[in-house]
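Let's take a walk through a protein together, one part at a time. Keep the picture open while you read.

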Amino acid sequence: MTESTPVRVAALYDIHSNLPAFEAVLQAVKALDVDLILIGGDIVPGPMPRETLDRLMALDRPFRCIRGNTDREVVAAFDGQDLSYFPASIQKITRWTANQLDRTHRDFLANLPATIVVDIQALGPVLFCHAAPQDDTTIITKVTPTEHIRPLLMNVAQSLIVRGHTHMQFMRQVGAKRLVSAGGVGMHYGAPGADWALLGPAVQLMHTSYDLERAATQIRATAYPDAEDFAQHNVLQPRTEDEAIEAFEREAAKQRERHAG
């Protein structure tokens, strides 16, 4: 095994600065002795952004990262760019997160690539993106019609694509392409806990439990503007997959209308 051809890769997406969930998954990853940790974007914002980035940047095993849309937006806030196109609540969270970071954190996030290809033994080259190969915001769920997904994968050379963004796990076959959604570590939908993916030699969708009450208490103790809502609805009682899919598909339809226009 060389650095360029790991046997097993842990794909951790959408941490959203939920440090207790991140720590729990790191413990699970350590027990499995994976060769590479792939961070799939949306590391921030969330209740513990500085602590989460410090933990990530100090990892004692090989890791690589890609950028998520919210990472990009936090960098924009750090740089003082206009965020008026966002709802006021999102602006507040994004600016609060940026204010917790220093220049080292900002530069780390700003320099992340949008996609990464990793050659994994027994799987071959795998494309990791945040939302879709072309951008970091396109919504895909387990019920998104195949005709809307196929054009997104048309020019992708790799047969296996791993993504996140919608915080739910699924695997779909789209022609010759296999699309894997790794789920969310720190912000996800479905049964409480943290979701991620293990790649090599097969593809496995993983779920890690952690002390939810303790995590909720830690989150409530932060100055994060939406700490109570995050603790309640992203840790203790996440939205169901059906509820999330309905909301995401409504937004996906709006995305397609905007692109068509």
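Is Ala 122 buried or exposed? Ala 122 is exposed, with a relative accessible area of 67%. Here, buried means under 20% relative accessible area, exposed means over 50%, and partly exposed is in between, using a 1.4 Å probe and protein chains only.

A word on the ground rules. This is a predicted model, so local features need pLDDT of at least 70 and side-chain atom pairs count only at pLDDT 80 or more, while totals for chains, interfaces and linings use all residues. Residues are numbered from 1 along each chain as its sequence is written, and side-chain values use heavy atoms, with hydrogens and water left out.

Most residues other than glycine have a negative phi, and most peptide bonds are trans. Ala 122 has a positive phi of about 75° although it is not a glycine, and it is found in the loop between β4 (115-120) and β5. The names of helices and strands come from DSSP runs, numbered from the N terminus: helices are H or I with at least four residues, and strands are E with at least two.

Asp 14 also has a positive phi, near 50°, and is not a glycine either. Look for Asp 14 in the loop between β1 (9-12) and α1 (19-32). At 0% relative accessibility, Asp 14 counts as buried.

Now for the cis peptide bonds. One runs from Val 44 to Pro 45, with omega near 0°, and Pro 45 is in the loop between β2 (36-39) and α2 (49-57). Another joins Gly 200 and Pro 201, where omega is about -5°. Pro 201 is found in the loop between β9 (194-199) and β10 (203-208).

**Strands side by side**

Next, find strand β6 (residues 160-163). Leu 160 and Val 162 point one way from this strand, Ile 161 and Arg 163 point the other way, and all are buried. Strands count as paired if DSSP finds at least two bridges between them. Strand β5 (residues 124-129) runs parallel to β6, and three bridges join them. The β6 partner of Leu 127 is Ile 161. To get from β5 to β6, the chain passes through helix α6 (residues 146-153), and this β-α-β crossover is right-handed. That means that, with the strands pointing away from the viewer, the path from the first strand over the helix to the second runs clockwise.

β6 also pairs with strand β8 (residues 177-182), in the parallel sense and over four bridges. There, the bridge partner of Ile 161 is Leu 179.

**Two pockets**

What counts as a pocket? On a 1 Å grid over the protein atoms alone, a pocket is an open set of points where a 1.4 Å probe fits, with protein on both sides within 12 Å along at least five of seven lines; lining residues have an atom within 4 Å of a point. Grid points are joined across faces, edges and corners, and a volume is the space filled by probe spheres set on the points.

| Pocket | Volume | Lining |
|---|---|---|
| Largest | about 1300 Å³ | 34 residues |

In the largest pocket, Asn 69, Thr 70, Ile 90, Tyr 189 and Phe 248 lie nearest the centre. The elements that give two or more residues to its lining are α3 (69-78), α4 (88-100), α8 (227-236) and α9 (241-260). Of these, α9 gives the most, with eight residues.

Two or more lining residues come from each of α6 and α9. Thr 138 is found in the loop between β5 and α6 and is buried, with a relative accessible area of 10%. The C-alpha atoms of Thr 138 and Ala 252 are separated by 7.4 Å, though these residues are 114 apart along the chain.

**Cysteines**

A disulfide is a covalent bond between the sulfur atoms of two cysteines. How many disulfides does a search of the whole structure find? It finds zero, where a disulfide is a pair of cysteine sulfur atoms within 2.5 Å. For Cys 65, the nearest cysteine sulfur is that of Cys 129, 15 Å away. Cys 65 is buried, with a relative accessible area of 6%, and Cys 129 is buried too, at 1%.
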